[in-house]
Amino acid sequence: MPVCSKCAELDLTVEIRSLGELRKALRGIQDNLADGTLEEVIGPTPPADTTRFPDFVSTGYACRGCSRVFRLDVETYHGRGGTWGPVRYD
Ligand SMILES: [Zn+2]
């Protein structure tokens with residue numbers, strides 16, 4: 001797949017091991033939603049500064065340039081963490 005300039009810098013899998021890292025990931029996602037790089041396809045995206053996350057944050061996004069799909073899946077209740085990354089279909 002050709003590299004898309006809009007989402008190239010998002011196209012890596014990032015481990016999220018703490019609420020601080022989750023907040024950082026959410027801030028990045030909100031920025032990309034605000035500037036039109038991503039659109040939310042599975043939501044809602046929780047605000048980065050919330051004090052009460054859902055037990056499981058599981059959201060999905062599509063790049064507006066190339067339609068590549070990204071997922072955020074983080075278990076917060078037991079603090080197991082999770083990942084941000086592109087969804088691979090191959
Ligand atoms: Zn893209």
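## Overall make-up

Helices (H or I, at least four residues) and strands (E, at least two) are DSSP runs, numbered from the N terminus. By that definition the chain has 1 helix and 5 strands, and along the sequence they follow the pattern β-α-β-β-β-β. The radius of gyration, taken over C-alpha atoms, is 13 Å, close to the 12 Å that the globule rule gives for 90 residues, so the chain is as compact as a globular protein of that length. The globule rule is 2.2 Å times the number of residues to the power 0.38. Along the principal axes, the C-alpha atoms fill a box of roughly 40 × 30 × 20 Å.

This is a predicted model, in which local features need pLDDT of at least 70, side-chain atom pairs count only at pLDDT 80 or more, and totals for chains, interfaces and linings use all residues. Residues are numbered from 1 along each chain as its sequence is written.

## The sheet

The 5 strands form an open sheet in the order β1-β5-β4-β3-β2, with antiparallel pairing; two strands pair if DSSP finds at least two bridges between them. β1 (14-16) and β2 (38-42) are at the edges with a single partner strand each, so one side of each has no neighbour in the sheet. From one strand to the next, the twist averages 20°, with axes as lines fitted to C-alpha atoms and angles running from 0 to 180 degrees between N-to-C directions.

β3 and β4 pair in the antiparallel sense over 7 bridges. Tyrosine 61 has phenylalanine 70 in β4 as its bridge partner.

A residue is buried if 20 or more other C-beta atoms (placed from the backbone) lie within 10 Å of its own, exposed if 12 or fewer, and partly exposed in between. Of the 90 residues, 18% count as buried. A nonpolar core is a set of buried Ala, Val, Leu, Ile, Met, Phe, Trp, Tyr and Cys residues joined through C-beta atoms within 7 Å.

The largest such core has 13 residues, of which Ile16, Leu22, Ile29, Leu38, Tyr61, Leu72 and Val74 touch the most other members. The elements giving two or more residues to this core are α1 (19-34), β3 (56-63) and β4 (69-75). Beyond its neighbours within four places in sequence, isoleucine 29 is in contact (C-beta atoms within 7 Å) with Leu38, Thr45, Tyr61 and Leu72.

## Glycine 81

Glycine 81 lies in strand β5 (residues 81-86). With 16 other C-beta atoms within 10 Å, glycine 81 is partly exposed. Not counting residues up to four places away in sequence, glycine 81 touches Glu15, Ile16, Arg17, Val74 and Glu75.

Note on methods
Contact = placed C-beta atoms within 7 Å.
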